[in-house]
Each structure stands twice: as structure tokens, then as C-alpha cells.
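Q: Could you take me through this model, starting with what surrounds the ligand?

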Amino acid sequence: MVEALRGLGYTTETALADLIDNSISAGARTVEINFHWAGSESWITILDDGVGMNDEELDKAMRLGDKNPLHQRDPSDLGRFGLGLKTASFSQARRLSVASRRGLKTSCLRWDLDVLANDPEGGWHLLEGIHPGSETKVEALGGRDHGTPRTLGGP
Ligand SMILES: Nc1ncnc2c1ncn2[C@@H]1O[C@H](COP(=O)(O)OP(=O)(O)O)[C@@H](O)[C@H]1O
Ligand SMILES: [Mg+2]
């Protein structure tokens, strides 16, 4: 299913727009985007200074379709289907790491499509923490007291 969601017709621009929409809905004033182009080792980081998420909110944010599209949403909320973060990211990358900081606590969860693809049991493994070796990509969050950086793809 996740592999099929990758083909929903996003371009890099519209995928990033979907993620920036989330930052705006979260009250971000600044969104920093970094690109590193290196073939299959490419990555993109997106850092915002919005309200961030606690553990429970992050867990929900990483699930597919956690919000009912029929429910009323805040007029300033640009999201709708509860899918954008995941579908936009998977369209561009096989790994999505979301770290978020509230107060002194930083939480990080990660989807890795290769881990899902390689599990013969077909388990939905939502992984904890940043991919080993990618720690520097979330360092920027350290100096803030709230916000959400996402890392797409790469090592
Ligand atoms: N940058 C962010 N800052 C804070 N919360 C976020 C951010 N991105 C996503 N979220 C949370 O994750 C949820 C799921 O995002 P998404 O999959 O794009 O669906 P939707 O935007 O339709 O709600 C959002 O509703 C929001 O609660
Ligand atoms: Mg959204």
C-alpha cells in the first residue's frame, strides 16, 4: 500500500508545499529547507519553528489517515485527509524521519520503506529515533524550544 501511495502524482515542489502547509498550520514563522543532491543518497531537511508535537501527537502524525476528512477543522488548518505528511514524503524519499521538540523534550519517529519491504511478515514498523548516522540532521532543533524538522531520504 505504501509503495502505491508513492505514485500519487506529487512533484518535489508540491510535496514540499504540502509539508510547508503543515508548518504554517502549526504556526511556524520560519521554515528552513536544505537540499543535498547525491543520487540515491540525496536528502532534504525541513525545519520549522511552529508549535511542535509531543510524543503522542507525533505518533498520531506519523499514522496514515489518522484524521477523519469529514470532521470539522480549524479554518486556519490547511490539511485535510491526515495523509499529506506521509504521502508527500514517500513520493520523494524512502525514509521519513520526523523529530519534534516541545519544551526540553525531543521525540523522533521514522518510516523506512526498505524496512517495511524487507519484512516477510508485512509488519508496520514505525521506528523510534533518527536513522543511525543521520543525527547531525536534527541537531538544528537543539537550539530551539519548539518546532519540527523532517528529514526525507538519504543516509
Ligand atoms: N510541522 C509540523 N508541526 C506540528 N505538527 C505537525 C507538523 N506536520 C504535521 N503535523 C501534525 O501531523 C498531522 C498530520 O499531518 P498530515 O499527514 O499532513 O495530515 P493533515 O495535514 O491533513 O492533518 C497534522 O494534522 C498535525 O497535527
Ligand atoms: Mg498536511
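A: The shell around ligand 1 divides into 7 nonpolar, 8 polar and 4 charged residues (Ala, Val, Leu, Ile, Met, Phe, Trp, Tyr, Cys and Pro count as nonpolar, Asp, Glu, Lys and Arg as charged, and the others, Gly among them, as polar). This is a predicted model, in which local features need pLDDT of at least 70 and side-chain atom pairs count only at pLDDT 80 or more, while totals for chains, interfaces and linings use all residues. Residues are numbered from 1 along each chain as its sequence is written, with chains lettered from A and ligands numbered from 1 in the order in which they are written.

Q: Which residues come nearest to ligand 1?
A: Of the 19 residues around it, Asn22, Ala26, Ala61, Gly79 and Gly84 come nearest, a residue being near if its C-beta atom, placed from the backbone, lies within 6 Å of the molecule.

Q: And which element gives the largest share of that shell?
A: H4 does, with 3 residues, and H2 and H4 each supply at least two; helices (H or I, at least four residues) and strands (E, at least two) are DSSP runs, numbered from the N terminus.

Q: How do H2 and H4 pack, at what angle?
A: H2 (residues 12–25) and H4 (residues 84–92) pack at about 150 degrees with axes 9 Å apart, where axes are lines fitted to C-alpha atoms, for helices over the stretch in contact, and angles run from 0 to 180 degrees between N-to-C directions.

Q: Switching topic, how many helices and strands are in the chain?
A: The chain has 5 helices and 6 strands, in the order α-α-β-β-α-α-β-β-α-β-β along the sequence.

Q: What does its C-alpha trace span?
A: Along the principal axes, about 40 × 40 × 30 Å.
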